[in-house]
Amino acid sequence: MSEPVILVVDDDPQVLSAIRRDLRSRYREDYRVLSANSGETALDAIHKLKARGDALALIMSDQRMPSMLGVDLLARSIEVYPIAKRVLLTAYSDIDAAVRAINEAHLDHYLGKPWDPPEEKLFPAIDDLLSSWQSDFRPEITGIRLIGNQWSLRSHEVKQFLASNLVPYRWLDIEKETAAAPLLEAACVSIQELPALILEDGTILRNPTLDQVAESLSLKRAAAHDLYDLIIIGAGPAGLAASVYGASEGLRTLLLDGNGPGGQAGASSKIENYLGFPSGVSGTELTRRAVAQAQKFGAEILSPVSVTGLSADGGYKRVALSDGKDLVSRTVIVATGMTYRELQTEGVSGYIGAGVYYGSAITEAQSCRGCRVIVVGGGNSAGQSAAYLSRFAREVILIVRRDSLGPTMSHYLIQQLAALSNVKIRTCTVAERVEGDGHMQKVWLKSLADGSVVSEEADALFVFIGTRPHSDWLPESVVRNAKGFVLTGRDAQVTEEFSRIWKESRDPMLLETTVPGVFAAGDVRAGAMNRVASAVAEGAIAVRLASDYLART
Ligand SMILES: Cc1cc2nc3c(=O)[nH]c(=O)nc-3n(C[C@H](O)[C@H](O)[C@H](O)COP(=O)(O)OP(=O)(O)OC[C@H]3O[C@@H](n4cnc5c(N)ncnc54)[C@H](O)[C@@H]3O)c2cc1C
């Protein structure tokens, strides 16, 4: 396949030539920079690129063109190249249109004219967009390939695992991709051995366990030291932030995660309310950057490594791992977050991974192309996933138990969903039963308003309802509330158990649990704000408190 394309569109020949020249000067080694002088010519070029199997990495269009506005062109390009990055070239007076286009045209960036000097105003933004596109892009048929069945739980688990460890791979559905069968035949893999993972060096893994996948990809799973200053359990935003701050302050820092870095945020298609990203940032991209930053400061990251227990032994904390090994640290930050509650709908448990998915809209979105899907839930995660899936699916039905989205979903998301013609919202509705043959095919929806039940054909059901903290593995001495969320600081002090457990002469610090030197940050903590920004902030604060603890002991 030839190099990916950057397409620039402007009806003004001088501007077009200047932007093309600047982009070529920087990107011509790795990208083909093409140009078009109108929206129509650009659309024609986009369809031709698609027909030839070329990759479009970025499309940059002027807003004011006589026959088609830039925003409209960018919006129309989504159907053909959903993950291409979209940039609007604007005059100062068009900034309002650009801000509106962030939702309508899935705009990733707007670039003001003039962009001189390009080293400051053009290249840093385009570098970021291209590196983010590279991490989402799956080249046609090279690299790591996973062949399996869309409706198999095992295939889904391996996909989730690769995605959360930021391993680029190409998914080939045996029933849809013509390239899959010849590959299996060449590798002598039978249908019963799926999913099969074909690595770049030709190694073939037949229905591998996640441990085998991790081992073959050389994911690091053994700690380098016997004793750490700080062990952080959970590599979601809270844990990643803690590892960046811990390592940057010179603490010997180890970050552990049972799946891969990212946590719930890694499943988010677009985080729009995180400071500094006006056009939003995908969870994968934020994770990629955070991991690079933590590693730059010298934090050690081990994954997949699950923690099964914790005990305090004098000033030392012993962290037990699922492989039977122990690690020792002077302080611990528990940042294990939470997970989605299971949907108690008849038939659902039989189709998990085979049409029913919890919090995994990004991983499965590509497979939903042209399909009809149902999203359950009224929170931001459900809304965001419905909006993302609408770029791939023919129709998305969002079902919500309450009579409106207002109390549970952010205003900007409600507006975004209202503007999407293929998203239908059904309030006062619950899923009553699901059915299928090998994979989920039909969902019965019940109206809570009048008790009526209708059946809907659907290829997938994405569930985002309520949450459960990942805290079962903690010892009793770490006091939790009735729902299992970890209590810290003053909240812990007012519990009945506190005086029995806490034997220090001082009060616990703000994010300190009932075990001295063990802190909690992010969604696993009672009273957390359940946002990326607040998890990041708590991760950073917990490190500061851990340093104070270390200074005292
Ligand atoms: C689909 C979706 C969209 C969202 N969108 C937004 C948004 O737009 N804006 C926003 O602000 N927030 C959003 N959120 C919420 C936000 O992602 C969370 O509040 C945030 O991720 C919490 O971070 P955390 O680090 O506390 O926990 P998590 O992100 O839950 O991470 C916890 C980590 O701990 C690991 N872990 C758990 N148990 C163990 C164990 N025993 N051993 C080892 N590792 C373990 C898990 O594998 C996981 O990686 C969204 C959430 C979802 C699911």
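This short report looks at the ligand site and at some salt bridges in a predicted model.

Let's start with the ligand. It has 37 residues around it, and D257, Q264, Q384, D523 and V532 come nearest. Sorted by class, that shell holds 16 nonpolar, 17 polar and four charged residues. Helix 10 (237–248), strand 16 (338–340), helix 13 (380–389) and helix 17 (532–552) each put at least two residues into the shell.

The side chain of N273 has an N or O atom 2.8 Å from a nitrogen atom of the ligand. With D523, a backbone N or O atom is 2.8 Å from a ligand oxygen atom, and V532 also places a backbone N or O atom 2.8 Å from an oxygen atom of the ligand. On its own the ligand has 1,000 Å² of accessible area, and the protein covers 94% of that.

Now for the charged pairs. The whole structure has 25 salt bridges, and here are three of them:

| Salt bridge | Closest N and O atoms |
|---|---|
| E395 and R372 | 2.9 Å |
| E395 and K424 | 3.7 Å |
| E538 and R525 | 2.9 Å |

E395 is in strand 19 and R372 in strand 18, so their bridge ties together parts 23 residues apart in sequence. E395 is buried at 15% relative accessible area, while K424 is partly exposed at 42%. R372, E395, K424, R426 and E456 are linked in a network of salt bridges.

E538 belongs to helix 17, whereas R525 is in the loop between strand 26 (518–520) and that helix, so this pair joins parts 13 residues apart in sequence. E538 is buried at 9% relative accessibility, and R525 is buried at 12%.

Notes. Residues numbered from 1 in each chain as written. Predicted model: local features only at pLDDT ≥ 70, side-chain atom pairs only at ≥ 80, totals over all residues. Heavy atoms only, no water. Near = heavy atom within 4 Å. Polar contact = N/O pair within 3.5 Å; in protein donor to acceptor, adjacent residues only side chain to side chain. Areas by Shrake-Rupley, 256 points an atom, 1.4 Å probe, with all protein chains shown as cover. Helix = DSSP H or I, 4+ residues; strand = E, 2+ residues; numbered from the N terminus. Nonpolar A, V, L, I, M, F, W, Y, C, P; charged D, E, K, R; others polar. Salt bridge = Lys/Arg side-chain N within 4 Å of Asp/Glu carboxyl O. Buried < 20%, exposed > 50% of the residue type's maximum accessible area, 1.4 Å probe, protein only.
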